[in-house]
Amino acid sequence: MKEAPASAEELMTLVEERGIEAVCRKFRRPPLSSRLLREAYSEGGAAGKIFVAHYPLSPSDLLEQLSSEASDDPALAAPLAANPRTPPPVLLSFIEHHLPEVRRSVAVNPNLGPREISRLLRDENARVAASLALNPGLKIQHQAFLCRHESMVVRIALGQNSSLDPVILRALGDDPHPLVRRAVAAQSRAEANLLQLWADSDDEELQLGLLERRKLEDGIFESLFLSPHSAVRAAADERQKAPPWAMVYRWDRGTLPEQESLAGEPDLPRGLQREICQSQNLVLRQQLAQNPGLGEDVVEYLIQNGEEQEALFLLQNESLASKVAPLLAESGYPSVNALLATKNFADEKVLEQLINVHLSPEALIHLAARGRPFRSLRGDLARALARHEIPSFRALAATSEQLLPITLKRLSEDRVPTVAERAQANPRFEPSRTDHEFSTYREEPEVTRVLNAINEILSPTNLIQETNHE
């Protein structure tokens, strides 16, 4: 929209395209001429009259003339009743109008006098009273009357009044209905000291209402972080990050879900980490084990004094897993050993501990299943696995640089291509070797125990039971 329209026809075309409210806003300064408005009234039909009734700078005599046609037409009577240029005698007639939507419109008219307001105060329709509650021209005695209105809708609307007396606003903050208190705290034009008073009140609805405001001072957030209500603390968290002292309060007095969430907070202070890692609650310790910001001393404590579940969560913690892998390799938990063997960050030193030192059957099974080579696989174990009936174990054995060339020669002729290729790629493989490996050898007892454990784990009965358990 650029310059003012030159004719009633142009004006009505503009209203049709942009809408009445947009045109009224656009042409407040400078206003539309009286001539153009009179033309719209006489030439614009019903739409022209409705626009004149809406336009806040229409001539009073034109609006008075309109009132004679508006009695039975709410589309015309409602905007006319709300127009600040409508003459007082006309407003009086609208106060007694039989349609509540017209009385609602006149109730917001800023030019109502005390007599008109008093008559609307006793309107039986609560929606009319709610509209009146928004009128900035209300005196304190009118506000006090509406503050005690039986309808909470009216009291909520009163809380949004831009000219509300501070005494009435404080009274609404003590309203018996929680929805009124929450709406007043969220929407009223309260001063900073009253907002702070509500924040310190420990009233859950007032505090939740404050958190619906677009802007709050830091002092108010400090009070809300210390609220005794978990819903308030959670809502405050969504608006602003809780400071360390608020985390301490939450650990001391928060609910279990809050403490669980706290345990996973990356910025959790080291002192709280130490407290949580010593908690008797397994779930809290598990949540803590997943925290990417854990200190080294806390990690060591969880590994040395925790249970298998904490070790598993530490191993799945992407920020820490590679660092704690050597410690976890010493834990001795079967599920941890199995999972470690599947991780790329588990280097030769970790595998050395898992397999060569601790002889973990679970680690061997998963390492073989992955097809990952292990050059340092101890010789006696590699020699035993080289005769295993499952090809993946023979392939793993073929990667060991501790195997004798004679054993590698045999594996290079294996019927399974992967086994043969692994043996041929081994640096100790001698293609020209012609002697034969002895068919019998003395197996160390600990190696025998590992092989028996592998066979037990892989037995059909155990595999079925494990699958059913999962």
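Author: Angles under 35 degrees count as roughly parallel, over 145 as roughly antiparallel, 65 to 115 as roughly perpendicular and the rest as oblique. The model is predicted: local features need pLDDT of at least 70 and side-chain atom pairs count only at pLDDT 80 or more, while totals for chains, interfaces and linings use all residues. Residues are numbered from 1 along each chain as its sequence is written, and side-chain values use heavy atoms, without hydrogens and water.

Reader: Are α22 and α24 roughly parallel or roughly antiparallel to each other?

Author: Helix α22 (residues 282–289) and helix α24 (residues 308–315) pack at an angle of about 20 degrees, and their axes are 8 Å apart. Helices (H or I, at least four residues) and strands (E, at least two) are DSSP runs numbered from the N terminus, and axes are lines fitted to C-alpha atoms, for helices over the stretch in contact, with angles running from 0 to 180 degrees between N-to-C directions. With that angle, α22 and α24 are therefore roughly parallel.

Reader: How do the residues of the contact of α22 with α24 divide into nonpolar, polar and charged?

Author: On the α22 side the contact (heavy atoms within 4.5 Å) is made by Leu 282, Arg 285, Gln 286 and Ala 289, and on the α24 side by Gln 309, Glu 310, Phe 313 and Leu 314. Ala, Val, Leu, Ile, Met, Phe, Trp, Tyr, Cys and Pro count as nonpolar, Asp, Glu, Lys and Arg as charged, and the others, Gly among them, as polar. The residues of this contact therefore divide into 4 nonpolar, 2 polar and 2 charged.

Reader: Against which helices do the buried residues of α21 pack?

Author: In helix α21 (residues 270–277), the residues Leu 272, Gln 273, Ile 276 and Cys 277 are buried, where buried means under 20% relative accessible area, exposed over 50% and partly exposed in between (1.4 Å probe, protein chains only). They span an arc (taken over the directions from the helix axis to the C-beta atoms) of only 130 degrees around the axis, which puts them on the same side of α21. The buried residues of α21 pack against α19 (244–253), α20 (256–263), α22 and α23 (296–305).

Reader: How are α28 and α30 placed relative to each other?

Author: Helix α28 (residues 361–370) and helix α30 (residues 391–398) pack with their axes 8 Å apart and at an angle of about 90 degrees. Their contact is made by Leu 364, Ile 365, Leu 367 and Ala 368 of α28 together with Ser 392, Phe 393 and Leu 396 of α30. By class, the contact of α28 with α30 has 6 nonpolar, 1 polar and no charged residues. In orientation, α28 and α30 are therefore roughly perpendicular.

Reader: Which helices do the buried residues of α11 pack against?

Author: The buried residues of α11 are His 142, Gln 143, Leu 146 and Cys 147. They cover an arc of only 140 degrees around the axis, which puts them on the same side of α11. The helices against which the buried residues of α11 pack are α9 (114–121), α10 (126–133), α12 (152–158) and α13 (166–173).

Reader: Which residues is Gln 143 in contact with, leaving aside its neighbours within four places in sequence?

Author: Gln 143 is found in helix α11 (residues 140–147). With a relative accessible area of 2%, Gln 143 is buried. Once those neighbours are left aside, the contacts of Gln 143 are Leu 138, Leu 158, Ser 163, Leu 164, Asp 165 and Ile 168.

Reader: What is the make-up by class of the contact of α9 with α11?

Author: The axes of α9 and α11 come within 11 Å and cross at roughly 5 degrees, and the two helices are therefore roughly parallel to each other. The contact is made by Pro 114, Ile 117, Ser 118 and Leu 121 of α9 and by His 142, Phe 145 and Leu 146 of α11. By class, the contact of α9 with α11 has 5 nonpolar, 2 polar and no charged residues.

Reader: Is Leu 359 buried or exposed?

Author: Leu 359 lies in the loop between α27 (348–357) and α28, and has a positive phi of about 50 degrees although Leu 359 is not a glycine. At a relative accessible area of 11%, Leu 359 is buried.

Reader: What is the omega of the cis peptide bond that joins Arg 29 and Pro 30?

Author: Pro 30 is found in the loop between α2 (20–26) and α3 (34–43). The cis peptide bond that joins Arg 29 to Pro 30 has an omega of about -15 degrees.
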